[in-house]
Amino acid sequence: MDSVIMSGLRIGLLILLWLFILVALNAMRRDANKAAGSYQAVKAGPVAAPRVKGRAIAPREIKIIDGPLAGSHMALSGLEDFTLGRAQDCDFVLGDDYASSRHARLFRRGSQWFVEDLESRNGTFVAGNRIDQPEQVGVNTDIKMGRSTVRLVA
């Protein structure tokens, strides 16, 4: 009787060990796929803002190009800063369940626009790179928050 129990425990332990190995290999495969995707985004680099006679074109509006409220836009004339997020009290509502209630802030310094992550859970990405400090954005630069992608448009 004792040998049957010991054999059963050995087989159970062996099965648990193989399950752990398979889970670890699956996690490594997913990480490798994510790393390959982020390498391609970094390799592509940010889209340069168009220039006219040595000056960058100033963006006129911000537009959601991908996400639940794709096509929504807001004029930037007269604005110095505004917040983006899923909460109704944000200046630009994303309508995205994966975005934080107050996800990011866009602000102007001179003629340049910057985006700042407001300690969101899923992070803010500029041209495919996660930011942890204010980052300059220009015309046609993609800013990803949750499932939504917004862009400054000239």
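1. Let's start with a pair worth a look: Arg105 makes a salt bridge with Glu116, with 3.0 Å between the closest N and O atoms. Salt bridge here means a side-chain nitrogen of Lys or Arg within 4 Å of a carboxyl oxygen of Asp or Glu. The two residues sit 11 apart and link distant parts of the chain, Arg105 being in strand 7 and Glu116 in strand 8 (residues 112-117). Glu116 is partly exposed, at 22% relative accessible area. (For that scale, buried is under 20% relative accessible area, exposed is over 50%, and partly exposed is in between, using a 1.4 Å probe and protein chains only.)

2. A word on what we're looking at: this is a predicted model, where local features need pLDDT of at least 70 and side-chain atom pairs count only at pLDDT 80 or more, while totals for chains, interfaces and linings use all residues. Residues are numbered from 1 along each chain as its sequence is written, and side-chain values use heavy atoms, with hydrogens and water left out.

3. Back to Arg105, which also forms a salt bridge with Asp81, the closest N and O atoms being 3.1 Å apart. Arg105 belongs to strand 7 (residues 104-109) and Asp81 to strand 5 (residues 81-85), so this pair ties together parts 24 residues apart in sequence. Asp81 counts as partly exposed, with 39% relative accessibility. Taken together, Asp81, Arg105 and Glu116 are linked in a salt-bridge network.

4. What does Asp96 pair with? Its salt-bridge partner is Arg147, at 3.5 Å between the closest N and O atoms. Asp96 is in the loop between strand 6 (92-93) and strand 7, and Arg147 is in the loop between strand 12 (142-145) and strand 13 (148-153), so the pair ties together parts 51 residues apart in sequence. Asp96 is buried, with a relative accessible area of 0%, whereas Arg147 is partly exposed at 41%. Across the whole structure, the search finds 5 salt bridges.

5. Now the overall layout. Helices (H or I, at least four residues) and strands (E, at least two) are DSSP runs, numbered from the N terminus.

6. Finally, the totals. Of the 154 residues in the protein, 25% are buried. Among contacts (heavy atoms within 4.5 Å) with a separation of 6 or more, 41% are between residues 24 or more positions apart. The accessible surface comes to about 10,400 Å², with 56% of it belonging to carbon and sulfur atoms; areas are from the Shrake-Rupley method with a 1.4 Å probe, and for residues only the protein chains shown count as cover.
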